[in-house]
Amino acid sequence: MKKIYLDNAATTPVDPEVFEAMKPYFMERFGNASTPYSWGQEARKAVGQAREQVAKALGAKPKEIIFTSCATESINLAHKGLAEAILRQWEKEKRGEIPHLVTSSVEHKAVLESCQHLEKQGYKVTYLPVDKRGLVNAKDAKKAIRPETALVSIMYVNNETGTTEPIEEIDKLIKKINVSRLTSHLSPIYFHTDATQAVQYLDCNVDKLGVDLLSLSGHKIYAPKGIGALYIRKGTPIVRQQDGGGQEYKLRAGTENVPYIVALGKAIELVTRNRRQVTRKLTRLKDRLSKGVLKIPGVELKGHPKKCAPHIASFIVDSAEGETMLLLLSDKGIAASSGSACTSGLLKPSHVLTAMGIPPEKAHGSLRFSLGKDNTQEEIDYVIKVLPGVIKRLRRMAPKLNPIP
Ligand code: PLP
């Protein structure tokens, strides 16, 4: 049976070139990057080179890149580290206020739960609404900003829908407010973006985006699971959240994971180099897939038709339950994803879809295909061929749910 992997937003395989680059750092060059002898120097040099590769891909300086274990950790460090730094500063100034954060209601759990943690600590958070395609409106961000707003955190590409958020527009708004804050002695607003689903396909130059903090992950860009990075613009206040040694410019303690850091450096170099060509290929494949899938009665597009990353095609299938759809697709050799998360045995509709105004009963029919650089037209055509039968079977299995013939 054919096996077709269309869940690249969940994770990607390690690129053979990436694997080759990281391999020597397990056995031959296994040194601890903090030690002074040649093994250590070799490891340190490799970490430095990877830092330069990540910095180059983001248009940043190497000193502004911190290696972490994943995007979740980067996001937590950005949010909690900045909130704590600003609070300490305000306490010193006897300002008597608690920093306020602005984020959106469609962020990944890593962002939402980190914000919820801060709320429990007494910080204030505003969750911006989105429209029916999952887009944040910069005007809503403007309305939400208060004198004590210290951080705005908006994702670049949504992992469930592929919708791209207006990062540059929000940056312009923040810059304008920050100029007026200079004269009123208020601290500036810092801007974070979760670019986990963006770095492969969109230009993530930090100056172009105007962000002070940017989180990314290795396993979405053909590096292994367990490595991430956080870009921190020079001068952005951060209190480290993991205490111990002085690694990563004293911002993230713990012995550096040299092979994985090397892998992330190589992976980001490769995705940046091949971005234009892969984007062109995936745009074509995604269009073909969407056209084919949307011919099935009772199926609609979920994400934004234009403002969308090239690798995510997401749909709502009427009268079909997402998790079962995945199992039936798996029987046909196809790996896809549904927005539903199985919590304590109950299928809970995705917070992203409910935030987009999709009623829970409809949200259960969520289906996401996420493409990768190695997918082919034949694979897409196979999905288009088998999906109608899978949906028909599902609807037959749940006739009461099923108003569609
Ligand atoms: N943010 C987004 C948009 C994601 O898609 C993911 C993973 O799916 C994460 C954050 C978390 O990434 P990691 O697995 O590296 O912690």
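Which helix gives the largest share of the shell around the ligand?

1. Helix α3, residues 71-92, gives that largest share, with 3 residues. The model is a predicted one, and the points below should be read as computed from it.

2. The shell around the ligand holds 13 residues, of which Thr72, Asp194, Gln197, Ser217 and Lys220 come nearest. Sorted by class, the shell has 7 polar, 4 nonpolar and 2 charged residues.

3. An N or O atom in the side chain of Lys220 is 2.6 Å from an oxygen atom of the ligand. For Gln197, an N or O atom of the side chain is 2.8 Å from a ligand oxygen. A polar side-chain atom of His219 lies 2.9 Å from an oxygen atom of the ligand. The protein buries 88% of the 400 Å² that the ligand exposes when taken alone.

4. On the overall fold, the protein has 14 helices and 14 strands. Its radius of gyration is 22 Å, close to the 22 Å given by the globule rule for 405 residues, so the protein is as compact as a globular protein of that length. Along the principal axes, the C-alpha atoms fill a box of roughly 65 × 55 × 40 Å.

5. Of the contacts between residues at least 6 apart in sequence, 73% join residues at least 24 apart. The protein exposes about 18500 Å², and carbon and sulfur atoms supply 55% of that area.

Methods. Residues numbered from 1 in each chain as written. Predicted model: local features only at pLDDT ≥ 70, side-chain atom pairs only at ≥ 80, totals over all residues. Heavy atoms only, no water. Near = heavy atom within 4 Å. Polar contact = N/O pair within 3.5 Å; in protein donor to acceptor, adjacent residues only side chain to side chain. Areas by Shrake-Rupley, 256 points an atom, 1.4 Å probe, with all protein chains shown as cover. Helix = DSSP H or I, 4+ residues; strand = E, 2+ residues; numbered from the N terminus. Nonpolar A, V, L, I, M, F, W, Y, C, P; charged D, E, K, R; others polar. Rg over C-alpha atoms; globule rule 2.2 N^0.38 Å. Contact = heavy atoms within 4.5 Å.
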